[in-house]
Amino acid sequence: MPWTELSLLIVLLSAVISIVFYTLKTGISPMPSSGKARREVMAYLEQHYGDKQGETLVDLGCGWGNLIIPLARRYPQHQIVGYELSVLPWLFCLLTKHLLRLDNLNLYRKNFLRQPLPDNGILLSFLHPKGMKNLASHLEQQSCRKLISIFFALPNFQAEQVVRLKDLYQTPVYIYPLQK
């Protein structure tokens, strides 16, 4: 086997192993939310925060950047923060950030459950039930303003609004006030 083919095989195998490892570690693969869900989140943010200055939007598990990159492009006046543990999606986001010169976007390869979240931050999530349970516990020590969650509810919190998308699953988008 020629060296270039072997190198490509090693890179691809490493990529697959990395995705599988972080999927097992986090309990979910770096899967993007649907286009309809992202459009709903963007519409909500536009309506409530589009004209404001200096908001902090935090994507808890930004994956490949399907939501966070358009947010950073649309809202240069806001600070956009993304957390992602899986190496390849994080690197992809980092590369995209630099190629598009998105200076308002900060990406962290860290577990957001072990980080202080920004005061008055607006959180965005597309997690899984266990991740939402862990997030609920973490939010007890935080002073974030709002959570927008795609598909999964936040245990022990009351949503102020639930939007049902017109898709196969009637996907819910939950809006939670977090400040007490």
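Lys146 counts as buried, with a relative accessibility of 9%, where buried denotes under 20% relative accessible area, exposed over 50% and partly exposed the range in between (1.4 Å probe, protein chains only). The model is predicted, so that local features need pLDDT of at least 70 and side-chain atom pairs count only at pLDDT 80 or more, whereas totals for chains, interfaces and linings use all residues. Residues are numbered from 1 along each chain as its sequence is written, and side-chain values use heavy atoms, with hydrogens and water left out.

Lys146 forms a salt bridge with Glu160, the closest N and O atoms lying 2.5 Å apart; a salt bridge is defined here as a side-chain nitrogen of Lys or Arg within 4 Å of a carboxyl oxygen of Asp or Glu. Because Lys146 lies in strand β5 and Glu160 in the loop between β5 and β6 (161-164), the pair ties together parts that are 14 residues apart in sequence. Glu160 is partly exposed at 44% relative accessibility.

By this rule three salt bridges are counted. In another of them, the side chains of Arg145 and Glu55 meet at 2.5 Å, N to O. Arg145 is located in the loop between α5 (129-139) and β5 (146-150) and Glu55 in the loop between α2 and β1 (56-60), so this pair ties together parts that are 90 residues apart in sequence. Arg145 is partly exposed at 22% relative accessibility, whereas Glu55 is buried at 8%.

The protein chain contains five helices and seven strands, assigned as DSSP runs (helices H or I, at least four residues; strands E, at least two) and numbered from the N terminus.
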